[in-house]
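Please keep the structure in view while you read.

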Amino acid sequence: MDRINRATYFDRMSDFVGNSNAKVFIGIRRCGKSTMMRCFSETIGAGRDINEIYIDMELWDNRELRDPETLYKRIKSNLAVDKMNVLFLDEIQDVTEWESVVRSLINEGACDIYITGSNSRLLSSEYTTYLSGRLNVLEMFPLSFRECVEFNSVYGNPATDEELLQRFIKVGGFPMVWRSNYGESSSYSTVRDILSSIRAKDIVEKFNIRNPDLLDRIFRFVCDNLGKYTSMNNIYNVLQAEDRSVSRDTVYAYMGHLEAAFLVQKANVYDVKGKRVLSSKCKYFLTDIGLKHAVFGYRGDDISGHMENILYLDLRSRGYTVWVGDNNGKEIDLVAEKYGKKVYVQSAFRLSSEEVIKREFGNLKGIKDSYPKYVVTMDDDLFHGDADGITSCRLIDFLKKEEL
């Protein structure tokens, strides 16, 4: 089956092909990291006689390679003297001291190195300080809506963009779902399997979780509160009220594990006027909206939270750092920054009254800089265009934009 080149990521990383750094793709399992590496393999190999070394650390036959010395010897024994050597290490997170192996290979100039990992702490250990300045890191996400439209044109059935948006809202963006053209039932089953695999391999087994039920309850809390302000202390208080045996340290640790496995994304508060990040409260989002529906089934009444989650992921997939904003006490749903430039987004399912319109537009009018500002809605009858420096548009039009 042909692979689709996900240009958003491919273009972002292509400048680093063949340099002396290790290229690292991180992100939730099954978001397309391995496929992206294969696309780079084809690019590197075009017109060149390369020696490709591909090691999938999830294969049982490669379990002995979790030992760094064994891994290093295997790689060295497969290097070719008269060709360009390209090394692919897939799902490296369970290899002890992988950083030491990679550092040595870089210093030796042995090969062009590409790595994938499914744990956000992959680059946070003390060993990665040895690789400071020698890594090019790219976080990948499941498909954006623009990518889902592209996938459907190759793998799916004829459909309007509006029909594809409704499907995207209901099933999310895991590539397997769109490549196989699954319906809702099969999509939810597939995402449940992905979730189960992440839970087992990347959290319960890796962190020796003693109370998996509490882990599930924390994840369900996040699913139930998309788009709502919360704090770790609030989450603890809610869970402790249900079960007096729950400890604060355990709740904090389990939430950290959910973030490390890329199931959950934390958005801190950005003080727009003070230009600083606050830590007193935050919002949590899911790395794919289909994860919630796989757990609960689709809940149409939760569409406001679904919209905000989708907009958050869209901005992240475009390469933005994203916070939730506060401007003198007025809430800005999403504040995004890339290369020193900002984008402000208000998400509103329906602008159902003058009061709502005044609030959503008014919160943005209070921001005095000239960066782009959007009110995004599902209202088809709303005036769509620019007014007072604020662009109002439908969700589908925002998600289809090539540039913001």
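In this predicted model, Arg-350 lies over the face of Phe-349, at 4.4 Å from the ring centre. A second case involves Lys-338, whose charged end sits over the ring of Tyr-320, 4.6 Å from the centre of that ring. The points below turn to rings that pair with other rings.

**Ring pairs across the structure**
- A search of the whole structure finds 10 aromatic pairs.
- One of them joins Phe-25 and Phe-40, whose ring centres are 5.6 Å apart; their planes meet at 50°, so the pair is tilted.
- Phe-25 is buried, with a relative accessible area of 0%, and Phe-40 counts as buried at 0% relative accessibility, where the limit for buried is under 20%.

**A pair between two helices**
- Phe-145 and Phe-168 also form a tilted aromatic pair, with 5.8 Å from centre to centre and 50° between the planes.
- Here too the pair links distant parts of the chain, as Phe-145 is in helix H5 (residues 145–155) and Phe-168 is in helix H6 (residues 161–171), 23 residues apart.
- Both Phe-145 and Phe-168 are buried.

**A cluster of rings**
- Which residues do ring pairs link into a cluster? The cluster consists of Phe-10, Phe-25, Phe-40, Tyr-54, Phe-88 and Tyr-114.

Note on methods: Residues are numbered from 1 along each chain as its sequence is written. This is a predicted model: local features need pLDDT of at least 70, side-chain atom pairs count only at pLDDT 80 or more; totals for chains, interfaces and linings use all residues. Side-chain values use heavy atoms; hydrogens and water are left out. Rings of Phe, Tyr and Trp (its six-membered ring) pair if their centres lie within 6.5 Å; planes under 30 degrees apart count as stacked, over 60 as edge-to-face and the rest as tilted. Buried means under 20% relative accessible area, exposed over 50%, partly exposed in between (1.4 Å probe, protein chains only). Helices (H or I, at least four residues) and strands (E, at least two) are DSSP runs, numbered from the N terminus. A charge sits over a ring if NZ of Lys or CZ of Arg is within 6 Å of the ring centre and within 35 degrees of the ring normal.
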